[in-house]
Amino acid sequence: MKLNLFSRLLDTPKLPMILFVVYFISGLLVYKDYGVSYDEGTERHIGIMNIIHVARQLAPGMASKVIPPDLKNAPDMEHYRDRDHGALFALPMVVLEKGLGIDDELGVYRLWHLSTFLIFALSIIFLYKLLSERFQKQYISLLGCFIYVFSPRFLAESFYNPKDLPLLSLFVIAGYLGFKILKGANYKYAIGLGLVMGLATALRIVGIFLPLIFGGAIVLKHFFTQEKDLVQKLKMLASMLIVYLLTFYIAFPYLWTNPIGHFIEVFENLSKYPLNAPVLFEGQYYTAPDLPRYYALIWIVITTPIPFLLLALIGVVVTLKQWITEYRNPLTYINLFFLGLFVGPILSVVVLDSTLYDGWRHLYFTYAGFVYLATLGIVTIEDFLKGWKPAVAGGFIGLNVLVVVYLLAWIVKNHPYQNVYFNVLAGNHVDKKFEMDYWGTSYKQALDYLKAHSQKGAKVKINGNICASYNLGKSEKDVLKFVSDINQADYFITEYRHFNFNPDFSAYLVPSKEVFNVEVDGNKVISIYRLK
């Protein structure tokens with residue numbers, strides 16, 4: 001059953017292309033609205049250090065001529081603090097900025113934002129292909145893509161999250177290729193999957209979940225459906241594994257000098273990342289290693305639109321039931337593959353008590369499986385409504401429309417602060433219980449205010465984002481002066497992150513001296529206080 005006018009409208013042949021073009025043009029128009037985030041400065045430095053490492057490894061005689069004078073004494077990669085961080089995105093971005101001759105920070109990070117957006121946009125195409133080939137219904141596929149794109153936090157971070165969103169994009173692409181292989185596709189898809197899995201693992205070591213989960217799905221499908229082509233499958237998997245390992249090795253320069261030893265080091269840091277920063281969670285401050293095991297689960301529940309959560313839950317239940325009752329159906333193992341992509345990494349984090357912080361962004365890659373399961377939930381509801389009265393189907397249509405309209409309205413109203421979205425399950429006074437703008441991107445709007453309303457050369461003390469000054473263009477460096485001593489500052493900007501751990505600043509937060517603030521749903525995101 002197609003849900004009458006609603007489904008027929010969404011089945012208009014050219015609608016997917018039209019919607020994608022509208023989305024793409026909108027992204028090009030707004031990508032400059034987002035500020036530079038905490039991680040981007042660090043990621044760029046990782047890219048630079050990896051370029052130096054590559055130069056020293058491949059052409060030691062030329063390295064002294066290629067490396068800038070101020071970096072000639074840079075430590076070897078073995079002694080670099082962030083040596084275990086992949087540079088798949090950062091390294092080519094540094095090369096690109098140099099090739100384009102961009103010489104100011106604002107231009108550099110706008111290039112990063114544009115590139116992050118383009119990668120995410122590419123993944124939407126693969127997601128649509130996956131959903132349309134799997135469910136054979138255009139309007140279902142479009143609704144699945146809506147869940148992917150318009151979860152508010154993902155929408156915002158698809159412009160400036162330089163690691164977690166490119167990784168999610170690669171997981172979506174890998175999901176499509178894995179789907180094709182599970183349906184019986186040929187060797188070229190296995191080679192492609194090996195390549196994408198290798199790139200994902202080189203970007204973040206958690207990409208290793210891809211071959212583990214896909215391999216599990218292939219094995220289960222072969223034995224439970226009693227397939228006869230074992231030898232052919234083994235050859236295909238061997239080819240995929242070889243491509244995977246080669247790609248991972250080549251795309252992760254730190255592995256070049258000691259592949260096994262350095263891989264073990266990187267893998268060990270996966271679950272116990274050495275970070276002791278304070279994290280606000282459920283109204284209390286914890287150091288990151290001491291956060292409760294359910295930390296990520298709570299963040300998933302309170303930052304994902306509730307209708308999406310319910311749809312994904314239906315998809316999980318349907319998949320588990322199908323595994324019990326239809327274990328000889330090949331489609332069961334496609335569903336299990338995506339269930340594994342969503343649930344597997346989350347369970348491993350809970351069991352291993354891995355160190356997390358900044359919400360569930362380190363698990364964003366699981367959203368690829370989540371979206372598939374939520375789309376399966378839509379299909380399940382549609383099938384359930386067959387034979388019901390038109391009024392019931394109409395109610396389901398109305399609910400879909402309300403969800404779409406509400407989310408789009410919220411996103412437009414709170415642009416560009418979609419990254420602080422919480423649903424009603426977070427309760428009241430969210431800013432007193434959970435981290436708000438842990439990315440620090442709202443410093444852009446605070447600095448824009450000071451550029452327009454303060455005297456030239458005003459002295460500014462910032463509470464957090466070390467990359468805040470990168471929001472000023474090359475010609476604006478003299479407009480504001482950043483100082484480290486708050487007693488010398490004319491203005492104090494705070495996004496309230498870790499604020500309770502800066503008690504010396506509390507005396508400066510006089511309400512009458514607050515000249516600018518941003519609030520989202522009644523929760524403070526950032527403030528400027530005039531000190532002099």
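Contact here means heavy atoms within 4.5 Å. The model is predicted, so local features need pLDDT of at least 70 and side-chain atom pairs pLDDT 80 or more, while totals for chains, interfaces and linings use all residues. Residues count from 1 along each chain as its sequence is written, and side-chain values use heavy atoms, without hydrogens and water.

Start at Tyr-148. Beyond its neighbours within four places in sequence, Tyr-148 is in contact with Phe-120, Ser-123, Ile-124, Leu-127, Phe-154, Leu-168, Ser-169, Val-172, Tyr-367 and Val-371.

Tyr-148 also belongs to the largest nonpolar core, which has 144 residues. Such a core is a set of buried Ala, Val, Leu, Ile, Met, Phe, Trp, Tyr and Cys residues joined through side-chain atoms within 4.5 Å. Buried means under 20% relative accessible area, exposed over 50%, and partly exposed in between, with a 1.4 Å probe and protein chains only. Among the residues with the most contacts inside this core are Ile-147, Tyr-148 and Ile-493. Helix α9, residues 164-182, gives the most to it: 13 residues. Helices (H or I, at least four residues) and strands (E, at least two) are DSSP runs, numbered from the N terminus. Another core lies apart, with 19 residues, including Met-49 and Phe-248.

Now the sheet. Five strands form an open, mixed sheet in the order β4-β3-β5-β7-β6. Two strands pair if DSSP finds at least two bridges between them. β4 (480-482) and β6 (514-520) are the edges; each has a single partner strand, so one side of each lacks a neighbour in the sheet. Strand β3 (residues 458-462) pairs with β4 in the parallel sense, over three bridges. Ala-458 stands opposite Leu-480 in β4.
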